[in-house]
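Biologist: I have a sequence and a 3D model on screen. Could you walk me through the model?

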Amino acid sequence: MKKLSLYIFFFLVISGTAFAQVDRSQYPEPGPAPTINIGDAETFTLPNGLKVFVVENHKLPRVTFSLVLDRDPVFEGDKAGYVGMVGELMMSGTQDLSKEQLDEAIDQIGARINVSSTSASASSLTKHQERLLELFSAVLFKPSFPQVELDKIKKQTISGLAAAKDDPSAIASVVESAVIYGKDHPYGEAATEETVATVEVGDIKDYYNTYFKPNIAYLAIVGDITKPEAEKLVKKYFSNWEKGEVPTHEWEAVQGPASNQVILVDRPSSVQSLISVAYPVEMQHNNPNRIAASLMSYVLGGGSSSRLFMNLREAKGYTYGAYASLSPDEIIGSFSADASVRTEVTDSAAYQFFYELDRMTKKSITEEELDAAKAYLTGSFGRSLESPSTIASFALNTEIYDLPKDYYKNYLKNLNGVSVSEANEIALKYIKPNNAYLVIVGNVGEFEDQVAQFGEVKRYTKEGYPEEKKAVSADVTVDGVISKYIESIGGKEKLQSVKTLRQTGEGEIQGMKISQVAVIDKDKQILVQRTFMGGQEVSKMKSTAEKTTASAMGQEQEMPAEMHEAMKASKLIFPELTYQEQGVKLTLDGITQVNGKDAYKVLIENGSVKTTDYFDVESGLKVKTESAIAGEIEYGTYKDFDGIKMPSTLSVKTPQLPTAIQMSMTSVEVNPQLTEADLN
């Protein structure tokens, strides 16, 4: 509660015992690749085309059924997001059971059932396997697709997308996919609040009727069961599953950029920059270079001893961690290296990324580095064999990805057999320091000029589209934008008459109701904000001309100088009235879109405090504010309070809070009589 109270306050402000002498600077000499005997899964195929793999493991009285659909990627277009809802809606009830009844029936036998658009699994104690398959087959073959449950799923999805719009990692993922694959590719499109809102039950049913077919399905059964028992159960519950023609999809080959491109996504409230270097790679699962490529990738950025980590974290101190991966895919693979760094070292960190990429192409991998990578991947492979389901996944992967039949049996031998010269040749083939996208999400104004050294600079929106900054008409000035805003909310004379203000708002965080009361005395230069939960005050902030203090749970502390500086404007109530006399630097940075409407973007520098305000082109009203200290505030509907228009709703996002908070102003008092108690 104490930590949460402090978070809310910020939102409201705007091995051990051995002593033998061992030389740990040297890796031990690698031994021969261990011999691991991997048993084969037993298989059979139903007349409808369903191929089944059975792996017996009688250590525990449990059994798991895992189904995989091998279909081509699907482009969702203006209904992007609907495929991700298929499994959840299938789990929302059957023709005989409501969602509540289905959940209760699963719980009664201590089972688990999960479904997605391309897979499904069910597990329970062996003694309950008949009942488990009754429920599992009902979910798979008799889903009811209830409208009321789809409405809930859509609402939750839209809420999640709204939160993700302010998550730098989520933003980078969307933009990176868009620039690599293009928005007209299934890997490049992304769900939005608008596309999810258009999804209908019919879309889910169409997908289900098209792709849930046994002739593209594989079923793995693992656990306390024999092949004869499995065959009997599968025939009973899956034989009536009707096969059908499943469409295939061809996608144009994806090419990397001819030269490096810098993709910037502006997020002025960021105090860090998320950097990602990415490009497409011709690397399918059955590529003969895959094992060597995984070793090479580990040397570059696979762990805490890899080059990127040692450089950017250990040597430079730019980040908590920097990693890289080369991921295979049945259509097109991808390379990605990323880290979150302090804003002021964004260009320096990007330079080190390209330095390490370039060094990989100079045949620089050493025997020591390769041995360390082999040791890690050997250990990971060995640990994976502890799970019986691994054998089943090996069988599925071999079948689906057309791997050599002995791929996994010879994995360690082939891994150990990769030479330094081979690893260096693979690096030269797959590492592209001159044909990459450098994607950066952050406060672009702080580093845009500096990162231009890495390639052509392009700006993108958070949704993954090229930013179309419209030119401002020659007769529009930044002073004119500010003047229009002042007139739109009441006029200069009316605003100047406001000496005191009291605002009361309500919101919710993590399911808890909060309320906030803020009072400002312009002449005394005092602002006090109090936060309440259940009627009890949990935090208070007070800012005077001399200092800004915060208190929570009985403890008070003085806030840093930069926060105190940022609070000065708030004590003016309407700081726009005094920009000129304060010597504030204003820059009109074109026209952009905020929530689908054109808005003037104004950069504000008041000493060391930098803020970005957005003003609706048509109405003149302020629609959004961004700053590294206060975060991001979106202003909703404006209402008239004693002749002055003020936002009646706010959406506030700060670095200290996990999600945005929607606040509603319950009252706004203009020029109230404030007491000493109000201001202390």
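This is a predicted model: local features need pLDDT of at least 70, side-chain atom pairs count only at pLDDT 80 or more; totals for chains, interfaces and linings use all residues.

Biologist: In the open sheet of six strands, what is the strand order?

Modeller: Strands of a sheet pair through backbone hydrogen bonds, either parallel or antiparallel. Here the pairing is mixed. The twist averages 10° from one strand to the next. Read across the open sheet, the order is E1-E2-E6-E3-E5-E4.

Biologist: Which strands stand at the edges of this sheet?

Modeller: An edge strand has a single partner strand, so one side of it is left without a neighbour in the sheet.

Biologist: What is the bridge partner of isoleucine 113 in E5?

Modeller: E4 pairs with E5 (residues 119-125) in the antiparallel sense. Four bridges join these two strands. In E5, the partner of isoleucine 113 is alanine 122.

Biologist: Are helices H3 and H4 roughly parallel or antiparallel to each other?

Modeller: Two packed helices are described by the angle between their axes and the distance between the axes. The axes of H3 (residues 99-108) and H4 (residues 129-141) come within 10 Å and cross at roughly 155°. Angles over 145 degrees count as roughly antiparallel. H3 and H4 are therefore roughly antiparallel.

Biologist: How many charged residues are in the contact of H3 with H4?

Modeller: H3 brings Leu102, Ala105 and Ile106, while H4 brings Arg131, Leu135 and Val139. Five of these residues are nonpolar and none is polar. The number of charged residues is one.

Biologist: Is the crossing of H11 and H12 left-handed or right-handed?

Modeller: The axes of H11 (residues 307-315) and H12 (residues 346-360) come within 10 Å and cross at roughly 150°. These helices are therefore roughly antiparallel. Their crossing is right-handed.

Biologist: How many polar residues does the contact of H11 with H12 have?

Modeller: H11 contributes Arg307, Leu308, Asn311 and Leu312. Residues from H12 include Gln352, Phe353 and Glu356. By class, six residues of the contact are nonpolar and three are charged. The polar ones number two.

Biologist: How many residues apart are aspartate 266 and arginine 459?

Modeller: The structure holds 33 salt bridges. In one of them, the side chains of aspartate 266 and arginine 459 meet at 3.7 Å, N to O. Aspartate 266 lies in strand E7 (residues 261-266), and arginine 459 lies in strand E12 (residues 456-459). This pair links distant parts of the chain, and the separation is 193 residues.

Definitions and conventions:
Residues are numbered from 1 along each chain as its sequence is written. Side-chain values use heavy atoms; hydrogens and water are left out. Two strands pair if DSSP finds at least two bridges between them. Axes are lines fitted to C-alpha atoms, for helices over the stretch in contact, and angles run from 0 to 180 degrees between N-to-C directions. Angles under 35 degrees count as roughly parallel, over 145 as roughly antiparallel, 65 to 115 as roughly perpendicular and the rest as oblique. Contact means heavy atoms within 4.5 Å. Ala, Val, Leu, Ile, Met, Phe, Trp, Tyr, Cys and Pro count as nonpolar, Asp, Glu, Lys and Arg as charged, and the others, Gly among them, as polar. A crossing is left-handed if the near helix is turned anticlockwise from the far one by less than a right angle, and right-handed if clockwise. A salt bridge is a side-chain nitrogen of Lys or Arg within 4 Å of a carboxyl oxygen of Asp or Glu.
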